[in-house]
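Have the sequence and the 3D view ready.

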Amino acid sequence: MAGVTVQSGATSDLLTIDATSKAFRGTLYDTAGIEINVTPSGGAYTAPINLRHTAATAAGSKVWAMRNGNTKTMRIRTFFFTLGFDGTAIPATNLGYSIQRYGTGGSANANNSLTDRNRSAIKKRSSYSASTLAGGVFDYKDDATTGLTWTSNPTFETDAIVLRFPCSVTNTVVPFNAYFLQTNESFSCFELAINEGITILVNPVAAIIGQSLTGFIEWDEV
Amino acid sequence: MAVTIKSGATSDELTIDSTGAARFTLYDTAGNELNAPVSGSYLANINFRHTAADAANSTMWTMRNGATKTVYIRTIFLTTAFDGTAAASTLRYSVQRFTTATPTGGSAITIIKKNNSFGASTVADIRQGGPLTTTSVVFENDAMTFGMPISVTNGIIWNQVYLDQPNQTYANFELAANEGLAIRVNSAQAAVIGWGMYGFVEWHER
């Protein structure tokens, strides 16, 4: 008997069997009807982190920030950081940073001492459109006792992530790699909804000259 | 009565394996096959130690894709180490995509097939050392930065960047035809004698 075709109950689309594999095409969904492993409609991007304090940036100062635009969700997959210290050791002291999400209502000023070439998001595929990042850029500042200035103060959430390392001896270096995204679990990304942002702030004490945070952030836009 | 299932697009019929399981292939709703087969999977080593204070923005390692396939960078495993004279400084490498021209100088790197039955890599040029000559090369901005303090000698840090996830080919860092990947001394500072980078880059091609 000739094979039967399988038709969607919702449309007139027919199931496809591929020629070589003789396998049918399937897409994974959860029971809520959400596609698992959706390919980002926007694209996939990275932004470098390249902070080395040349001044004693005050505790609580925001030193790196990026804010989502108003059309897509940003799904942060990875925080890949290296904490470092090459300055003069201070006994009984921990240095560090915190990471906070912030809401609508303000964004950091473009206010850093380095050339613009380090401020744009990088496409992981060059044919993607430009990132949805507000202004297409992130901002950072590591060369003053104050951090980024803000056009108006958004609401900052409490610390999502805390990074700490001792400086009682110089030359501390600590890797911190957070891979949020797991196979079939898009929900596990750290998400920035429309107009939300993420910032890195000096915490718990003022930065010390020689304190550094390098690495990158990686995200998808859907 | 058993029936066979036929494609709605062609005359192909579904295969049920002897285990009783139907074959299926994962696609996304845009019609992209997830985990599409690759033409090959490869490694290339990173192995360079500065013997001079190479200037900021010096290019130390590059690979440039050929014209026919896409290169999907899965892993960058970059160990940085320092055996020189300590200084109150943090040295940084940057990873950047480039286009337009192929760097020269240094030494060619032998690409290793992860499976010897794969064909030769499509990568047209891969080299390290120097600094490399980068006439007419156009670099994008930094995609990643890897730092290490050198206030005490004998430091080392492993940077293991895993970009790939199953069913998420889009997560790789891609080099389209004729694009390249470079590891460079960051713009923030010059290199210091005794600083080095070691490890490998891993990629698929299709």
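What does the side chain of A:Asp86 meet in a salt bridge? The partner is A:Arg52, at 2.8 Å from N to O (a salt bridge is a side-chain nitrogen of Lys or Arg within 4 Å of a carboxyl oxygen of Asp or Glu). A:Asp86 sits in the loop between strand 5 (74-85) and strand 6 (94-102) of chain A, while A:Arg52 belongs to strand 3 (residues 43-52), so the bridge ties together parts 34 residues apart in sequence. A:Arg52 is buried too, at 14% relative accessible area.

## Ground rules

This is a predicted model, where local features need pLDDT of at least 70 and side-chain atom pairs count only at pLDDT 80 or more, while totals for chains, interfaces and linings use all residues. Residues are numbered from 1 along each chain as its sequence is written, chains are lettered from A and ligands numbered from 1 in the order in which they are written, and side-chain values use heavy atoms, with hydrogens and water left out.

## Salt bridges in chain B

Side chains of opposite charge can pair when their charged atoms come close. B:Arg74 and B:Asp164 do this at 2.6 Å, N to O. They link distant parts of the chain, 90 residues apart: B:Arg74 is in strand 5 (residues 71-82), and B:Asp164 is in the loop between strand 12 (155-162) and strand 13 (173-175). Helices (H or I, at least four residues) and strands (E, at least two) are DSSP runs, numbered from the N terminus. B:Asp164 is partly exposed, at 21% relative accessibility.

Another salt bridge joins B:Lys114 and B:Glu202 at 2.4 Å, N to O. Here B:Lys114 is partly exposed at 40%, whereas B:Glu202 is buried at 10%. Over all chains, the count comes to 19 salt bridges.

## Strand 5 of chain B and its partners

Now for strand 5 of chain B: 11 of its 12 residues are buried, so the rest of the structure largely encloses it. Strand 5 runs antiparallel to strand 15, joined by 11 bridges (two strands pair if DSSP finds at least two bridges between them). Look for B:Thr80 opposite B:Met197 in strand 15.

Strand 12 is also antiparallel to strand 5, with eight bridges, and B:Ile76 faces B:Val161 there. Strand 13 pairs with strand 5 in the antiparallel sense over three bridges, with B:Val71 opposite B:Leu175.

How values were computed:
Buried means under 20% relative accessible area, exposed over 50%, partly exposed in between (1.4 Å probe, protein chains only).
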